[in-house]
Each structure stands twice: as C-alpha cells, then as structure tokens.
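Student: Before we look at the model, I would like each label tied to its cut-off. Can we go through them in turn?

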Amino acid sequence: MIELSHLSKWVKTGSLQTFLLKDINITINKGAFVSIMGPSGSGKSTLLNVIGMLDDWDEGQYLFMGEEVGKLKERAKQALHKDHIGFVFQAYHLIDELTVYENIETPLLYQDIKSAERKAIVADMLDRFQIVGKKDLFPAQLSGGQQQLVGIARALVAKPDLILADEPTGNLNSKQGEEIMEIFTRLNKEDGVTIIQVTHSEKNAAYGDRIINLLDGRIES
Amino acid sequence: MILRFYADTGLTVLLAIIVGFVMSFGSLYLFNSISGSHLDITDLLGIPTFLFLLVIWFIVTLLAGSYPALLLSGSSALQLMQKKFSRGGADQLFRKILVVVQFSCSIVLIIAIVIIYQQMKFVGNKNLGFNPNGVLMVNISGVRDPGHLESFSNAISQIPQVHEVSQLQVPPGFSASQRSLHKGDEKSDLTLFTCHADGAVVSTLGLKLLAGKTLPDHLSKTDSMVYVVANKKVIDYLGWTPEEAIGRKVQVDLGNNAYIVGVVDDFNFLSLKRPIEPYIYYAANDAPESFNAMLIKMNTDQLASTMDKVQRDFAKYVPAVAFDYSFLDAHLATLYNADRVMQKVVLLFSCLAIFVSCLGLFGLSAFMAEQKTKEIGIRKVLGASSFSISKMLSLNFLKLVLLSIVIGIPVAIYLMQKWLSHFEYRIHISWLVVGLSATTGLLIALLTVSYQSIKAASANPVNSIKAE
Ligand SMILES: Nc1ncnc2c1ncn2[C@@H]1O[C@H](COP(=O)(O)OP(=O)(O)OP(=O)(O)O)[C@@H](O)[C@H]1O
Ligand SMILES: [Mg+2]
C-alpha cells in the first residue's frame with residue numbers, strides 16, 4: 001500500500017543543509033499495523049506527514065496504492081484524504097469553533113452521507129469513546145486527554161482504510177491507552193485497516209506487528 | 001502599554017489624514033466639475049480646515065485606540081495565551097457590524113442611483129402633451145415695432161426647414177400670468193394660467209386640439225372679443241365636454257367678453273414636478289400682456305445653415321436688437337438641473353461607498369481567513385475540497401451581505417420615495433430594479449470575498465496546521 005524508496009527531506013538554513021528525513025526505505029502492506037518509535041525530534045511526525053501526503057519531500061519516490069504521490073494533483077490528494085486516510089494528530093487539531101459532536105461529524109460532511117445516518121454514526125462514536133456527556137462542549141472546555149479521544153474518534157468516524165496516528169495515547173492514562181490500542185487492534189484484525197502509529201511507549205508499540213526505529217531522520221531498524 | 005496603542009493608532013490616523021488631504025486636492029476639481037460649484041484650492045488651506053482635521057485626528061485616535069487598548073489590557077495573561085479573546089464574540093461582532101453598516105450604505109446608494117437614473121430618463125421621455133423638439137425660442141421682448149416682427153416672420157417662413165412661426169407671451173417652461181377661473185356665480189375660484197398668443201401656437205407646439213379651432217391670427221380693429229383656447233383642466237372644472245365648451249363665455253379675469261374657441265388636451269406647461277393646472281391661450285385687441293417670445297418650429301436636419309439664415313433675417317428685419325435665442329427642449333431640461341447634479345453626486349458617492357465597503361469586506365475576509373487558517377488546514381485533511389472550503393468562507397460573508405441588503409432596501413426605498421415625491425410625474429419603484437441592484441451589490445461582495453476565500457482554501461494544509 002505504501003512504498004517509500006530513498007526518500008529524503010531537508011531544510012536549508014544558509015548554506016547548512018539539515019536532514020529531517022534521510023534515505024528512508026519502507027514498504028507497508030495493506031492490513032499492517034506499524035509502530036514508529038524514536039527520540040524526540042527524530043522525525044517521526046515529519047515522516048507521518050509525508051506518508052499522509054500533508055508534506056513534501058525533496059528526494060526519492062513515494063508510491064501510494066501504486067500511484068506516484070509526487071505526481072498527484074492537489075485534487076487527487078484531497079480525494080485520497082477523503083476516502084482512505086484518517087489522521088490522529090499529536091496536537092489534536094480539533095476545530096475550536098465546533099462542539100465535540102460537530103468535530104466528530106466534520107469528516108462525514110465531506111462523504112456524501114445522509115444526515116440521519118451521520119447522526120447514528122457520530123452517536124455510536126461518542127458511545128464507543130465514552131464522551132456522550134461532553135458532546136456539546138467546545139474543545140477548550142475539555143482536558144488534554146478528552147481532546148485526544150475526540151481526535152481519535154474523528155479519525156475513525158469515516159471508516160478509513162489507513163489510520164495515521166501521531167502519539168494517540170500521549171495524554172491518556174494507561175487504562176485508556178490500552179482501550180485505544182484494543183480498538184486499533186480490532187480495526188486492524190477485523191476490518192483490515194492499515195495502521196501506522198507513532199509512540200513512545202514500548203508497551204503500545206508491541207500492539208503492532210512491526211516497529212520502525214527512527215534516529216535523526218534515519219531508519220535504525 | 002495602553003499608551004502604545006494610542007501612539008500606534010495616532011500615527012496611522014495621521015498618515016490617513018495626510019493622504020486624504022492630499023487626495024482632496026485632486027477630487028476638488030472633480031467635485032467642481034460635477035456640482036458646478038467653484039471651490040478653490042485656497043479654501044482647503046485655511047485655519048478652519050486644519051483645526052477640523054486636528055479634532056478629527058484626536059477623536060478617531062481616541063475611539064480607534066481605545067478598543068484594542070481596553071480589550072487587551074483588560075484580559076489576563078492566561079486568557080491571552082489561550083487565545084480566548086481572539087475567538088471572543090465582541091471583537092468579531094464589532095467588525096461584522098462595521099462591514100454591515102458600510103455595505104448597507106452601498107446597497108442604499110446602488111439602489112438610489114438606479115432609481116434616479118430611471119426617473120431622469122422618465123422625465124426625459126415623458127410625453128409632455130406638446131412637442132418641444134426643434135422649437136427655437138427667440139426673445140422679442142425688446143422689439144418695439146410689431147411690423148419688424150411681421151416681416152421677419154414672413155421672411156423665415158420662406159426657409160424650407162421652418163414649419164411654423166408663432167408669437168406668444170411665454171413659452172412652456174416659463175411661468176405665465178396667474179389669474180382666477182370662476183365658475184358660474186360660485187364664490188370659489190381656481191388658479192388659472194393665461195398666456196397671450198397668436199393662432200399658430202397650437203401647431204407650433206404640437207398641442208392636441210380636442211374641439212373647436214385655434215385662436216384667430218388677425219383681429220379686426222373693432223373686435224372687442226377675447227378669444228380663448230383652454231386646456232382640458234379648465235372645462236373639466238366648469239363641467240363641460242370639449243364640444244359643449246365651444247362658444248361659451250368664461251370668467252377668467254380678462255373682461256366680460258371672453259369666449260372659448262378651442263379646447264386642447266392637457267400638457268405639462270411647467271416641469272414634471274408640478275401638476276397640470278388650468279391654462280388658457282388667449283388673443284385680444286389691447287391684450288394686457290405683450291408677446292415676449294417667438295417660437296420657430298423647424299426641421300433640425302441642417303441646423304447650422306437654418307440657424308444661419310434665421311439669424312441673418314433677424315438682423316435684417318429687426319435691426320438693433322440682439323438675437324437672443326435658445327431651444328425649448330434644452331430649456332426644459334434645465335428645469336431638472338438640480339436633480340442632474342444630484343444624480344452625478346450620488347453616482348460619485350456610490351462608487352466611493354462601494355469602494356470603501358469593498359475594502360472593508362476585503363479586510364474582514366482577509367482577517368477571518370487568517371483566523372481560520374488552522375481550521376481550513378484541518379478541514380482539508382479531513383477531506384474537504386478547496387471548493388467546499390471557499391464556499392464555506394464565502395457563505396459566511398453572504399450572511400453579512402444579505403443582512404446589509406435587508407437593512408439597505410427599506411432605507412433606500414424610503415429615501416427614494418421621498419425624492420420621487422417632489423415629482424408630480426414619477427416612476428413606480430419596481431421590485432425588479434431593487435432586486436437587481438441588490439444582486440449587483442451581492443455579486444460585487446462575493447467577488448471581493450472570493451479572492452481571500454480561494455487563496456485561503458488553496459493553501460497547503462500542513463503549513464497552517466504546523467503554524468501553531
Ligand atoms: N519546517 C521545518 N523547518 C526546520 N526544521 C523542522 C521543520 N519541521 C520539523 N523540523 C525539525 O525536524 C525535526 C523532527 O521533527 P518532528 O516533529 O518530526 O519530530 P518528532 O520525532 O515528531 O518529535 P516528537 O517526539 O517531539 O514529536 C525536529 O528537530 C524539528 O525541529
Ligand atoms: Mg512528533
């Protein structure tokens with residue numbers, strides 16, 4: 001499903017070239033559950049953004065479902081986002097002006113789903129993450145952990161084939177973290193959803209079937 | 001901290017005033033040419049102007065500076081860090097109200113200018129009941145000898161382009177004598193306008209004869225009758241049909257011997273701002289009023305040469321009197337000069353107002369798009385297309401513009417109805433026109449806003465998301 005070959009990304013400050021990603025080669029098949037680990041600043045989020053087609057790179061090739069991402073038009077990428085990818089951001093990135101309910105509903109608005117059906121799906125999500133009571137609150141009125149749950153619910157609501165999760169459990173207690181990992185595992189096993197998660201926790205990484213270690217923009221193992 | 005806000009605002013306002021002041025020199029010329037006034041540049045440089053600008057500077061700085069100063073210094077550091085204030089209703093509401101006010105004014109002006117144009121066109125095309133086109137008016141009030149005029153009249157009648165020649169007290173568009181129209185032996189009477197004229201007046205002005213005939217051209221020396229051609233208003237008041245009226249005696253303060261010989265249809269002998277009132281043309285020996293104008297109805301195809309001949313004949317047969325002339329249609333147009341100036345001024349202000357409110361909209365849309373960059377980025381990641389995002393942003397403004405339209409339309413209709421009420425003959429304000437004008441405003445607004453919307457929507461999402 002995802003194939004990165006000799007992919008590098010750098011920034012230039014004056015004459016100094018700093019690699020954010022260096023010579024990355026990964027193949028991730030459909031239905032895989034991959035954990036990315038590495039110290040802070042090693043480029044995990046950067047890699048996830050590239051995989052999610054949110055960010056450009058400078059060298060190398062990226063094939064997504066057989067298509068060369070570098071040659072895709074803006075519109076095509078947008079269609080892939082809409083139909084295939086769910087993001088969980090490290091910084092949650094909820095929409096401040098919308099309630100919890102509306103935040104979770106947003107991806108469905110772009111999916112051609114009838115209003116009644118949307119209601120049912122969102123209600124189901126609120127239930128699954130035990131945030132029914134918070135549905136009319138705004139993100140600013142939630143704790144960090146609660147915002148993170150909303151962010152995960154939003155990523156899953158449109159039933160994507162690929163979930164890109166950047167430290168999805170960073171602000172959750174270990175019990176909540178386990179629950180999320182179980183949800184991910186179930187999606188992965190039962191629905192064949194491909195999952196790529198960034199995590200600092202060995203325990204959470206172990207839920208996946210493969211671990212990629214990053215250090216200074218390179219793959220260690 | 002607060003002082004800094006005032007200093008910042010003060011500087012901005014000062015710059016704006018200087019720019020505005022310099023620009024006013026240029027616009028002075030434009031204003032003069034439009035309104036026909038004669039303001040001089042030196043009028044702008046007086047002490048009062050500078051004092052006025054100083055006061056404006058002070059007030060605007062105080063008002064504009066107070067807002068952010070109070071807003072920011074009133075919020076705690078925590079609130080600022082959480083950026084609660086920028087989302088806060090008050091700030092945005094204020095901006096929105098400003099935009100709505102500006103745009104309402106534009107809508108009012110757009111509607112006003114269309115209606116004014118319509119009314120002026122209506123005035124220009126209205127059937128007056130007579131035909132002023134190609135009617136030359138020559139001032140003959142200074143001519144002592146009627147024989148001169150007789151020869152002049154005979155001479156120009158030979159010119160093929162000249163169709164009719166008539167002498168009368170005053171042409172339409174000038175005020176005639178006011179007398180009273182009496183009915184039977186009733187005490188009440190009606191204001192009546194009278195105009196001494198010869199028989200050719202009906203054909204020269206193209207008046208429509210309903211019954212009877214026109215005034216006689218030559219009266220015998222002993223004739224003591226007063227011959228009257230009345231308009232329909234007169235006989236309506238007296239309760240006669242045109243046919244019945246012929247040969248009847250009328251009491252019009254012109255002696256006891258006035259008889260109707262003809263009846264013409266009503267015509268607008270004054271501007272369209274006035275209703276049609278009773279009017280008569282009369283002919284009599286020893287008339288109390290003399291002829292002041294000669295009307296020459298001509299074919300204007302070869303105007304220059306015709307005018308040349310007329311002028312030469314005038315000089316030949318009426319010596320020592322200046323050839324003072326104008327055209328009747330041009331004179332009638334001057335009755336609406338004030339309205340025409342208003343038309344131009346409103347047009348100018350409409351353009352300015354639309355420009356300024358577009359600036360306001362542009363600023364607000366830029367500001368909102370800026371505030372929403374993160375949201376836009378997130379939405380794109382969640383699958384929103386650029387189109388749906390620019391639609392979302394534009395719709396936001398559409399609401400404001402629609403509100404402005406809802407406010408602007410009644411105001412415009414009220415003001416225009418007031419203006420139109422000065423005209424006895426006026427157009428009806430049509431909803432189609434109002435709707436089209438409002439739609440034009442809407443389109444202009446959408447065009448303004450869509451630039452920002454499209455720009456914001458097509459930005460790369462990751463940049464906006466990362467820019468935390
Ligand atoms: N646009 C950029 N310009 C310059 N440097 C950048 C840019 N984006 C990221 N970096 C740098 O790239 C490095 C990797 O960033 P990244 O966010 O991928 O780290 P991370 O592995 O996700 O860290 P964390 O675990 O803290 O989230 C960091 O050193 C960061 O400063
Ligand atoms: Mg990161």
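Tutor: Start with accessibility: buried means under 20% relative accessible area, exposed over 50%, and partly exposed in between, with a 1.4 Å probe and protein chains only. This is a predicted model, in which local features need pLDDT of at least 70, side-chain atom pairs count only at pLDDT 80 or more, and totals for chains, interfaces and linings use all residues. Residues are numbered from 1 along each chain as its sequence is written, chains are lettered from A and ligands numbered from 1 in the order in which they are written, and side-chain values use heavy atoms, with hydrogens and water left out.

Student: Why is B:Cys351 called partly exposed?

Tutor: Because its relative accessible area is 48%, a value between the limits of 20% and 50%. B:Cys195, in contrast, has 0% and is therefore buried.

Student: How many disulfides are there over all chains?

Tutor: The count is zero. The rule asks for a pair of cysteine sulfur atoms within 2.5 Å.

Student: What makes the contact of A:Arg118 with A:Glu105 a salt bridge?

Tutor: A salt bridge is a side-chain nitrogen of Lys or Arg within 4 Å of a carboxyl oxygen of Asp or Glu. The closest N and O atoms of A:Arg118 and A:Glu105 are 3.0 Å apart, so the pair qualifies. A:Arg118 is in helix H4 (residues 115–128) and A:Glu105 in helix H3 (residues 100–109) of chain A, 13 residues apart; helices here are DSSP runs of H or I with at least four residues, strands are runs of E with at least two, and both are numbered from the N terminus. Both residues are buried. The search of the whole structure finds 15 salt bridges over all chains.

Student: Is A:Asp136 buried or exposed?

Tutor: Exposed, because its relative accessible area is 54%, and the limit is over 50%. A:Asp136 forms a salt bridge with A:Lys135 at 3.8 Å, and A:Lys135 is partly exposed at 30%.

Student: Which parts does the salt bridge of B:Asp266 and B:Lys233 tie together?

Tutor: The N to O distance of this pair is 3.5 Å. B:Asp266 lies in the loop between strand E7 (258–264) and strand E8 (279–284) of chain B, and B:Lys233 in helix H9 (residues 232–238), so parts 33 residues apart in sequence are tied together. B:Asp266 counts as buried at 18%, while B:Lys233 is partly exposed at 31%.
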